[in-house]
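Visitor: I'm new to this one. Could you walk me through it?

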Amino acid sequence: MSVITETEKTNTVRRVLKMSSEYTQASFTSVVSLALTLVLLANSFDYSSGEVKTPLFAAALAYALFTAFQFVLTWLIKRDLAKFGHIQKTTRRLGYIQMLSLFTANVFTAVFAFQLVKQQKTTEYTLAVYMLLVQLFILAISALNLFKPYVADLFPIGMLLLLVIAAVHLASLLLVAKFVDAETAHPRLFALAVVLIATAISGNLFAFVLGLSLIFKIRSQNRPGTGQWPLIWDKITRNMTAMIGMFFIVLTFAISICSYLTFDYSMAVENNYEALLESPSLMYPLGTDDFGRDLFSRIVFGARISLTVGILSTLIPVIIGGILGALAGYYGRRTDNVIMRLLDVLYAIPGILLAIAIIAAFGANTTNLIIALSVGSIPTYARTMRANVLMVSNLEYVDSARALGAGDAEIIFKHIVPNSLAPMIVKATLTIGGAVIATSSLSYLGLGVEPHIPEWGNILKIGSTYLESHSYLAIFPGLAIILLVLSFNFLGDGLRDALDPKMD
């Protein structure tokens, strides 16, 4: 009898741990933080000379300290859930100590700490946390320019503006934590929402989304059935990998915007023969290349190109392919055959070869690169939209609209297309990463962006010639490409789960 009771108790504990999102997040954070610690530790030694790289070793020790504390928190959460069925307040208060890991730039432990101290977490609270973290990271990255020989003319104004915005975001986080719950928000927060939308000028899209979410919640109080978007955002904010992906995407976008004020473009493009192939230091955080150009500045400015080309080369085929697919799916028969057979011809040509042919014919520049990558992607989006339209066009509300005298254009673009966009959004998010890789690949081959423009593929091409002697020239741009592509993939997976009703 005691054996059966003990087995039931063990199974109950396992179910409680499995159902606890905080325990799952704690375990995930512990593993990721440990992996980062080991990576830093492995790179803190110069194996050829046997010397210790003091900055990296200090960073590894700091990461190790907070990683150990993270494992302690994970154990305490497991104990509380097994013993009490919920996390004790004393354990939650330890999250304030773990917030100090923010000074080590460990976003995983910092996010977990903010989530741990708040028992009832709302969508707005999670957005406010990531909004503040993005702003602090922008400040820290921009502040590294203080150690350079000179700064941009607008650097003082830019840093002051970023500090003011960071203060607004900190105050917003505190107000959201106090006056916003799962169903309601204080009406006076409407003014705060407007201010947050205005602060999105820094590129911090979390502030824009949070502002819209607050306005929506204030206006929809006591109104049941206000739509699915709040539920979708709730699902996304509870998905840590999706939010981490969105964090890096928004951070990349924001630093690209703020670089107009806080970074000097000449550091990325002008030759400096007094600083050739400098190793990473405070003055040059990621070192310099064979022309003495600051690699840190080049990667920051290169993010503009990668994001611009990646997003535009996805948005264009989404629009064109979506329209063609909607027309083919709605009208069917001859229209469907003409459109889809022509697109099949285009689909038969490998996308990368088509891009190379277009660039070879019209020249290598950013505009031609966007066009080249866009044309090859049109058939896939047309097929996706056509399949959705074929399914949606047979639903009853479409027949009702047709019976009420609605025209074809109104039925397609008002009733059918809006209800067919979810798979297109997910597909677009997942394929932006592929567009970023294609952009860098073509630039690496000399068929993309002009060679003198700082773009991640161009930077990687230069770094590949110094893999043995100065490997950091290839490692850092390569890491930037990998992180951005992974981030879009994580976000796409999160959107797919949030938009899929079967996942409820």
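Visitor: How many helices and strands are there in the chain?
Guide: This is a predicted model, where local features need pLDDT of at least 70, side-chain atom pairs count only at pLDDT 80 or more, and totals for chains, interfaces and linings use all residues. Helices (H or I, at least four residues) and strands (E, at least two) are DSSP runs, numbered from the N terminus. On that basis the chain has 23 helices and 2 strands.

Visitor: What is the radius of gyration of the chain?
Guide: It's taken over C-alpha atoms, and the globule rule is 2.2 Å times the number of residues to the power 0.38. For 504 residues that rule gives 23 Å, and the chain comes close to it, so it is as compact as a globular protein of that length; its own value is 26 Å.

Visitor: Which helix has the highest confidence?
Guide: Confidence here is pLDDT, the predictor's own score for each residue, from 0 to 100. The chain averages 87. Helix 1 (residues 2–19) is lowest, at a mean of 66, while the top mean, 95, goes to helix 7 (residues 123–143).

Visitor: Is R188 buried or exposed?
Guide: Residues are numbered from 1 along each chain as its sequence is written, and side-chain values use heavy atoms, with hydrogens and water left out. R188 sits in the loop between helix 8 (155–179) and helix 9 (189–199). Buried means under 20% relative accessible area, exposed over 50%, partly exposed in between (1.4 Å probe, protein chains only). R188 has 74% relative accessibility, so it counts as exposed.
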